[in-house]
Every structure is written in structure tokens, then in C-alpha cells.
Amino acid sequence: MNMNMMELCKSAELPVEGTCGGMAMCASCHMYIESDHELHEATDDEEDMLDQAFFVEGNSRLGCQIQLHQDLDGLVVRLAPVGE
Ligand code: FES
């Protein structure tokens with residue numbers, strides 16, 4: 001399907017804006033990883049954007065940087081609250 005978590009959430013009409021279109025430049029797809037899945041390391045761009053986001057926790061990721069694939073079956077995420 002070649003989608004990421006931001007796109008999947010948007011397609012399910014969840015309140016994820018994805019303002020920058022998946023370029024790791026807005027943090028409007030900020031979400032928390034709630035399951036034990038091993039995700040790839042965040043890139044410097046993702047880390048930099050999360051540094052500027054609100055309500056960041058240890059399990060914070062940008063949904064647009066999580067490419068969907070078979071190994072993520074059962075992944076549980078929680079959407080971050082929208083910052084001011
Ligand atoms: S959609 Fe902008 S950072 Fe993910």
C-alpha cells in the first residue's frame with residue numbers, strides 16, 4: 001500500500017492534519033507508540049521536529065515517518081493532543 005501512519009489515520013478520518021504532507025516539518029502527525037513494536041530510529045529531521053512539538057513523551061513519533069509494513073501488524077498508537 002505504500003502508506004505511512006499519518007496517511008492511514010487521515011484515510012480513517014481521524015483528526016490528524018498532516019499539514020506538511022509528510023516532510024517531518026510540522027508535527028501535526030505527532031503520535032505516541034503504545035505497543036512494543038521496534039521502530040526504526042528517528043531521523044535527525046524527525047528528532048528536530050519533535051524537539052519543537054508540544055506534549056512530547058519518550059514514545060513520541062511523527063506518524064508520517066512510520067512507513068507501514070508487515071512487521072508493524074498490531075501497532076498501537078495514540079494521537080498526541082493538538083498544541084497551541
Ligand atoms: S505530516 Fe508534517 S511532520 Fe508529519
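Visitor: Why does valine 16 count as buried?

Guide: Valine 16 has 6% relative accessibility, and buried means under 20% relative accessible area, exposed over 50%, and partly exposed in between, with a 1.4 Å probe and protein chains only. Therefore valine 16 counts as buried. The areas come from the Shrake-Rupley method.

Visitor: What is the basis of the model and its numbering?

Guide: This is a predicted model, in which local features need pLDDT of at least 70 and side-chain atom pairs count only at pLDDT 80 or more, while totals for chains, interfaces and linings use all residues. Residues are numbered from 1 along each chain as its sequence is written, and side-chain values use heavy atoms, with hydrogens and water left out.

Visitor: What is noted about the phi of alanine 24?

Guide: Alanine 24 has a positive phi of about 60 degrees and is not a glycine. Most residues other than glycine have a negative phi. Alanine 24 sits in the loop between helix 1 (5–11) and strand 1 (30–33).

Visitor: Why is alanine 24 called buried?

Guide: Its relative accessibility is 7%, which is under the 20% limit, so alanine 24 counts as buried. Aspartate 44, 20 residues away along the chain, has its C-alpha 9.8 Å from that of alanine 24.

Visitor: Why is aspartate 44 called exposed?

Guide: Aspartate 44 has a relative accessible area of 62%, and the limit for exposed is over 50%, so the label applies. Aspartate 44 is in helix 2.

Visitor: What makes a patch of negative charge on the surface, and which residues gather in it?

Guide: Patches are made of residues with over 30% relative accessible area and no salt bridge; like charges are joined within 9 Å, and nonpolar side chains (Val, Leu, Ile, Met, Phe, Trp, Tyr) within 5 Å. Asp and Glu count as negative, and the place of the charge is CG of Asp or CD of Glu. The patch gathers Glu41, Asp44, Asp45, Glu47, Asp48 and Asp51. Glutamate 47, in helix 2 (residues 44–51), has 39% relative accessibility and so counts as partly exposed.

Visitor: How do you know that arginine 78 and glutamate 34 form a salt bridge?

Guide: A salt bridge is a side-chain nitrogen of Lys or Arg within 4 Å of a carboxyl oxygen of Asp or Glu. The closest N and O atoms of arginine 78 and glutamate 34 are 3.2 Å apart, so the pair meets the rule. This pair links distant parts of the chain, 44 residues apart: arginine 78 in strand 3 (residues 77–79) and glutamate 34 in the loop between strand 1 and helix 2. Arginine 78, at 37% relative accessibility, counts as partly exposed, and glutamate 34, at 39%, also counts as partly exposed.

Visitor: How many salt bridges does the rule give?

Guide: The count comes to three. Arginine 61 and glutamate 46 meet at 2.8 Å, N to O; arginine 61 is in strand 2 and glutamate 46 in helix 2, 15 residues apart. Both arginine 61 and glutamate 46 are buried. Arginine 78 and glutamate 57 meet at 3.6 Å, N to O, with glutamate 57 in the loop between helix 2 and strand 2.

Visitor: What links Glu34, Glu57 and Arg78?

Guide: A network of salt bridges links Glu34, Glu57 and Arg78.

Visitor: Why is the pair of phenylalanine 54 and phenylalanine 55 called tilted?

Guide: Rings of Phe, Tyr and Trp (its six-membered ring) pair if their centres lie within 6.5 Å; planes under 30 degrees apart count as stacked, over 60 as edge-to-face and the rest as tilted. By this rule there is one aromatic pair. The centres of phenylalanine 54 and phenylalanine 55 are 6.2 Å apart and the planes stand at 45 degrees, so the pair is tilted. Phenylalanine 54 counts as partly exposed at 44% relative accessibility, and phenylalanine 55 at 47%.

Methods:
Accessible areas come from the Shrake-Rupley method with a 1.4 Å probe; for residues, only the protein chains shown count as cover. Helices (H or I, at least four residues) and strands (E, at least two) are DSSP runs, numbered from the N terminus.
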